[in-house]
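Biologist: Please take a close look at one part of this model for me. I would like to hear about the helix packing, with its setting.

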Amino acid sequence: MTTKHKQFENPTLPQVRKMHTMAEAQPIYSHLYTEAEKKPDVLPNPRAKALIGGLHALGETLQGPAAELVFLAAGVDAYIRARDTLRRAEEGERVQRGDYTYSKTIARRFNAQLRNVIEKTYGCMSLTDITMFAVNAYTEQHPEVLEYDKDGRPSAPISVYTCIREAAKGARTELDTIRLAEHFGFTVRKGTDMDDKKGVDVYINDVPFDLKSSETAADHAADQARKLGFEPPNTLVSPIDDRDYEANGDSSRIDCDDPKYIPFKAYLANRIREYHLGISLSQVPQSA
């Protein structure tokens, strides 16, 4: 697709507010719409404002990273709305059970698409590139949310950037947790769409797990499920945190041979055993 855009690596939130037009912030997005102009029967409006169905149709005509990025752009609007519904539920607002379930499904699908993009673009797009691609896709579809500085330059709301950035970070952690499990000799297979609806991200040695980035996230997921009358998911807490990526940059992967991850092997083995025995044997290993 393209090489990394150094000016957008590891931006601070104030720097994000200074990003100007869609084309300046993410050349990749412009490239895709340039390609779209060559397919007028699929996407009549190359800017594709609000033409989410057109983005899906375009994605079907592409392959590899380009297709995954277009599908990500097509899903970002529904994801932002889903996250708003989930936030309101978490804050105690009454939300219909069906709306909550649907929003969880949408959020999981978007996270799965983020994982696809991260896998397919590894080495040529940083996590910030991917985040900004999705942010700019959203503001293309919803220009009314743009905020303007004193010079009249538009930028995306920080809330939109933060929402997508956190999702991207979580997707990266999930992928590396799977890599770590495979590195330690466990058999891993990803869940299906039907599994996803049940809160299953992955099967490890045939045990279903909902991957979480921290104990806090796991506890929160269990609390929310109980409040809404759902069975709490079988969560697996990743030993990876954001600091593990800081040394090697925004687009790095963890080193599976790092000694700090050795306790995770025993933790995971115990989680698999306790699932079959119906008892608790394990404690989440603490990072060094």
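Modeller: Buried residues (under 20% relative accessible area with a 1.4 Å probe, protein chains only; exposed is over 50%, partly exposed in between) make up 49% of the 288 residues in the chain. This is a predicted model, where local features need pLDDT of at least 70 and side-chain atom pairs count only at pLDDT 80 or more, while totals for chains, interfaces and linings use all residues. Residues are numbered from 1 along each chain as its sequence is written, and side-chain values use heavy atoms, leaving out hydrogens and water.

The chain holds 12 helices and six strands. Both are DSSP runs numbered from the N terminus: helices are H or I with at least four residues, strands E with at least two.

Start with helix H7, residues 127-141. H7 is mostly covered, with 15 of its 15 residues buried. Its 15 residues reach 22 Å from first C-alpha to last. That is close to the 21 Å expected at 1.5 Å a residue, where the expected span is 1.5 Å times one less than the number of residues.

What packs on H7? Helix H5 (residues 64-90) does, at about 65° with axes 9 Å apart. Axes are lines fitted to C-alpha atoms over the stretch in contact, and angles run from 0 to 180 degrees between N-to-C directions. From H5, Leu 69, Leu 72, Ala 73, Val 76, Asp 77 and Ile 80 take part. They meet Ile 130, Phe 133, Ala 134, Ala 137, Tyr 138 and Gln 141 of H7. Contact here means heavy atoms within 4.5 Å.

Now a second pair. Helix H6 (residues 97-120) packs on helix H8 (residues 158-183) at about 65°, axes 9 Å apart. So H6 is roughly perpendicular to H8, a label for angles of 65 to 115 degrees; under 35 is roughly parallel, over 145 roughly antiparallel, the rest oblique. H6 and H8 also cross in the right-handed sense.

Last, the wider chain. Among contacts between residues at least 6 apart in sequence, 62% join residues at least 24 apart.

Note on methods. Left-handed = near helix turned anticlockwise from the far one by under 90°.
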